[in-house]
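Open the structure in your viewer and keep the selection tool at hand. This tour goes stop by stop.

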Amino acid sequence: MPAECFSDVRAWVFDLDNTLYPPEMRLFDQIEGRMVSYVMDTLGVTQDEANHLRHSYWSQYGTTLAGLMHYHDIDPVPYMQHVHDIDFSVLRPDELLRDHIAALPGRRIIYTNGSADYALRVSEARGLSGLFDAIYGVEHAGYRPKPEQNAFEQIFALDGLDPARAAMFEDDPRNLAAPFAMGMRTVHVAPEPHDAPHIQHHTDDLTAFLSQLRP
């Protein structure tokens, strides 16, 4: 049973997009559109070219931003401000999810490849304000993104987190490889399971999964 596997966990690390809200709310669709427009305007390319770069850099580096910084020396601050200037009203508060997260023993953390300010606004829209002991964005790892192990190491060192007593909840299977190697419990949160040695648990319903961890 899941509760037995997590009985000694005292740090709960949650990804943000498509993890703390379900993908059918389609918030990230807005962000992808803003990414494309930024790349078009900044690099002077067509929409198709910008979309290709967006996906290619995400696939290769973990985030579009990392590729833009590597190849085009893009300043991350105005980029992040642009792509996160979106409509949060598509998100709905989830009181049951809030209750289950609040019941978790120990530290509760958000760690996202977005910005910490963006994560704060998402958590507010989901009715999760005040639940988390810390919120870390990609800026806290020097804009090095998940799935880089060094990024995780920087964030966990900053937090003082012991990976051996921690769990990671994440929608992108790539981003669970480093946590697993570091000794964390890993939970893939997505509509469909992904078969990989570094994924220990899968759920398509975070609220239901967390309910199984309550005493």
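Against which helices do the buried residues of α4 pack? Select α2, α3 (47–61) and α5 (76–83): the buried residues of α4 pack against these. Keep in mind throughout that this is a predicted model.

**Stop 1: helix α4**

Colour residues 64–72, which make up helix α4. Its buried residues are Thr 64, Leu 65, Ala 66, Gly 67 and Leu 68. Show their side chains, then bring α2, α3 and α5 back into view as the packing partners. Now step just past the end of α4 and select Asp 73. Asp 73 takes a positive phi of about 55°.

**Stop 2: the whole chain**

Zoom out and switch to a cartoon. The chain holds ten helices and six strands. How does the radius of gyration agree with that of a compact globule? With 215 residues, such a globule would have a radius near 17 Å, and the chain has 17 Å, so the two agree.

Next, colour by burial. Of the 215 residues, 51% count as buried. The accessible surface comes to about 9,900 Å². Carbon and sulfur atoms account for 49% of that area.

Then colour by charge. There are 16 positive and 32 negative side chains. The centres of these two sets lie 6 Å apart.

Contacts come last at this stop. Take those between residues at least 6 apart in sequence: 63% of them join residues at least 24 apart.

**Stop 3: the aromatic rings**

Pick out Phe 14 and Phe 169. Are their planes stacked or edge-to-face? The ring centres are 4.7 Å apart and the planes meet at 15°, so this pair is stacked. Planes under 30 degrees apart count as stacked.

Phe 14 sits in strand β1 (residues 11–14), and Phe 169 sits in strand β4 (residues 166–170). The pair therefore ties together parts that are 155 residues apart in sequence. Phe 14 is buried, at 0% relative accessible area. Phe 169 is buried too, at 0% relative accessibility.

Phe 6, Trp 12, Phe 14, Phe 132, Phe 169 and Phe 209 form one aromatic cluster.

**Stop 4: the loop between β1 and α2**

Move to the loop between β1 and α2 (27–43) and select Arg 26. Its phi is positive, about 60°, although Arg 26 is not a glycine. Is Arg 26 buried or exposed? Arg 26 counts as exposed, with 52% relative accessibility.

**Stop 5: the loop between β3 and α8**

Go on to the loop between β3 (134–136) and α8 (149–159), where Pro 147 has its place. Display the backbone from Lys 146 to Pro 147. The peptide bond there is cis, with omega near 15°.

Stay in this loop and select Tyr 143. Tyr 143 is not a glycine, yet its phi is positive, near 65°. At 18% relative accessibility, Tyr 143 counts as buried. The cut-off for buried is under 20%.

**Stop 6: the loop between α7 and β3**

Finish in the loop between α7 (116–125) and β3, at Ser 129. Ser 129 counts as partly exposed, with 34% relative accessibility. Which residues is Ser 129 in contact with, leaving aside neighbours within four places in sequence? Select Arg 98, Ser 123 and Glu 124. Arg 98 is 31 residues from Ser 129 along the chain, and their C-alpha atoms are separated by 9.0 Å.

Leu 128 lies in this loop between α7 and β3 as well. Leu 128 is buried, with a relative accessible area of 1%. Leaving aside neighbours within four places in sequence, its contacts are Leu 20, Asp 94, Leu 97, Arg 98, Ile 101 and Ser 123.

Key: Residues numbered from 1 in each chain as written. Predicted model: local features only at pLDDT ≥ 70, side-chain atom pairs only at ≥ 80, totals over all residues. Heavy atoms only, no water. Helix = DSSP H or I, 4+ residues; strand = E, 2+ residues; numbered from the N terminus. Rg over C-alpha atoms; globule rule 2.2 N^0.38 Å. Buried < 20%, exposed > 50% of the residue type's maximum accessible area, 1.4 Å probe, protein only. Contact = heavy atoms within 4.5 Å. Areas by Shrake-Rupley, 256 points an atom, 1.4 Å probe, with all protein chains shown as cover. Lys, Arg positive; Asp, Glu negative; His and termini not counted. Charge placed at Lys NZ, Arg CZ, Asp CG, Glu CD. Phe/Tyr/Trp six-rings, centres within 6.5 Å; stacked < 30°, edge-to-face > 60°.
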